[in-house]
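This briefing concerns the arrangement of helices and strands in a single chain. Please consult the sequence and the structure shown here before reading on.

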Amino acid sequence: MIRWMHRRLSFVIAAWMIAVMSASGAVLAYKGTPGDEGTPAPRWPEGSTLVRDTERPTLVMFIHPECPCTRASVEELARIVGRGDVSVRTIVAVVRPAGADLPEKSGVVERARQLPGVEVVVDQGGVGGVRFGAETSGHTLLFAADGRRVFSGGITASRGHQGESEGGALLLALLRGRRAESAFASIFGCNFSTAEERRETP
Amino acid sequence: MTSIAPSQSPELEEAVAQRAAVLFGEHQTSLHRRTDRLFAYLLLGEWAFAIVLALVLSPHAWDGKVRTIHVHVPIAVLLGGVLTMLPVFLAFTRPGMPSTRYIIAVSQMLWSGLLIHLTGGRIETHFHVFGSLAFLSFYRDWRVLVPATLVVVVDHLVRQVVWPESAYGTTTPGAWRVLEHGAWVLFEDAFLVVACLSSRAEMRASAERQAQVETLSHLEEAKSAALDSALRELRSSQTAQIRAERLAALGKLAASMGHELRNPLAAVRNANAYVLKRLQAARPAPDSKVTQFLDVIDKEVGVCAKIISDLLDFAREKEPTRAPCPLRAVVDDAFSVVPNDAVVLENAVPEDLPILDLDRDQMRQVFVNLVQNAVEAMPADRRASGRVVVSGRARPAGGCIVEVRDNAGGIPADVAARIFEPLFTTKAKGTGLGLAVVASMVERHGGNIYLDSRLGEGTCFAIELPVDTLPPQQPQQVLEQTT
């Protein structure tokens, strides 16, 4: 077997390269596959238990406490809201889907709590997520002081990937008061509900 | 090439240059093999680390309340395994080959990408790219950096075309972003290439110095060997000269003594014989002690005559009077005169041994001395089983070899080294001339005598007699007659 491989080394190397590229392509494809964009509410939902700031924009990020990809979203959130030229009320809503066996403590949630000026609330059963139309962990919504939604989407470039992204750049531009052409970006994270549950939800 | 020797011939410089090239190649190959193994262990470690990373950071994914294995886990196991297996296989089965290190370089850079994915794009993980390039410079082969750099550049180019946001965080990066990323890699490459070339130059210089030292060492060894050989020859010549001078002095003394003592001894012997004869005829018969002591006188006079005979034999260096001489009969003759009571004497000389032209008397004397020495050397505890065997065989080149072999227990090495020296003896009574006479007679026949002795076993004297190509010598006039 070893001698066979040595004699046909070029073939083996070529096969290896093909396998590597195929696997890498599959990884990239997975990384670039966005989650469900949901049906984001066009205005701050009435009856929401979350409190909106009427003087400045309010940002709400819905996260799944055990979604590994959301770690990157929280880090990007820290980078954006930590800027000195940004003033926004920031809420991180931790969605605990009904019936999910989740641990009490979560690294992602703890990280969110560490962010200065960020309010972390628990959305037991995902009611708030449904109200705001968020289906995917990391879904970020920006509402203007008057309650209009001006941004909906994710702030990472791919699944679980920190760094600059179209969504992050767009959100930052809006927070700085600049106008943006598009107010939506892909969201990369775990689903708050199964596909079946989403079909059943009106 | 800088020479550390004062001056060298062109041939020597060429030899040094060739040896330096061989040494450089060996050092290089050894370095490549070691580095291949190092990377094999690194790649295996990275694979294990990736699996642990996936299990710790992203073990599960969620779809609502349903928990599944996160795709990072199979990615770490499967893609990590694919990235690792071929380079590790090549590192252990084809270490030192260029293809092995190029594959390792590609794999190591691809591992940077995988680890960046598994850690969620942490900026710190990007350092793995630059660290890997530095590790690859351990090969001291700048060519290894080419496939490694190509992996990074091609990866960014492909992403720019297919999915720019994954690399640059925006869907519309400028062309300069690729150049910016590539430039940092090339910046490090530039220094690593210089380091590789510099290291190789040092290795080459080191190989040249080693080749020089080896060459000089060989030259010195050769000179030392030649000097040792010359010293040995000198010592041998000195020994031979001393021996020759002693022999010459001894010869003169022996001839003089022999001449002065032989006639008086003959007279004493004759007188003793007359007195004994008269006493034996007298009536009444004399006291038995008288005849006993007269026998003692006769015997001791005979011993003196033998000593004188040995001295004269040694001193005269009489040329052999050659005639066809069947050696088996000569050996029988020698056995008949050797005093012996217990030791078995065996004549194993074959009847068909080539008959050479030899001096029968001298050869008889040779065998008498050798056999008598062997009998006298037999220790008391071996006499019952003592044997002295004389054998012979023809030489392929002509002539024959005759061996006198005993089981008398062997001769110590320090004694064997001097055994043919005149006047050297380990016996309480003896002139020390017996074997010197044997050696001299054999040499005058154009032959050689060899000694092979094993302590605890026995001794073998081997006499090599060549075919005589000279015409038989005219018998020389004997100076003295032995009574």
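In this predicted model, helix 3 (residues 70-81) of chain A lies across strand 1 (58-63), strand 2 (89-96) and strand 3 of chain A. Its direction is at about 165° to strand 1 of chain A. Axes are lines fitted to C-alpha atoms, for helices over the stretch in contact, with angles from 0 to 180 degrees between N-to-C directions. Helices (H or I, at least four residues) and strands (E, at least two) are DSSP runs numbered from the N terminus.

**Helix packing**
- Helix 6 (residues 166-175) of chain A packs on the sheet and touches strand 1, strand 4 (139-143), strand 5 and strand 6 of chain A, contact being heavy atoms within 4.5 Å.
- Helix 3 of chain A packs against helix 4 (residues 107-114) of chain A at about 5°, their axes being 10 Å apart.
- These two helices of chain A are therefore roughly parallel, a term for angles under 35 degrees.

**Sheet**
- Six strands of chain A form an open sheet with mixed pairing, in the order 3-2-1-4-5-6; strands pair if DSSP finds at least two bridges between them.
- Strand 3 (118-124) and strand 6 (184-185) of chain A are the edge strands, each pairing on one side only.
- Strand 5 (residues 149-153) of chain A pairs with strand 6 of chain A in the parallel sense over two bridges.

**Conventions**
- Residues are numbered from 1 along each chain as written, and chains are lettered from A and ligands numbered from 1 in written order.
- Local features need pLDDT of at least 70 and side-chain atom pairs pLDDT 80 or more, while totals for chains, interfaces and linings use all residues; side-chain values use heavy atoms, without hydrogens and water.

Note on methods. Angles under 35 degrees count as roughly parallel, over 145 as roughly antiparallel, 65 to 115 as roughly perpendicular and the rest as oblique.
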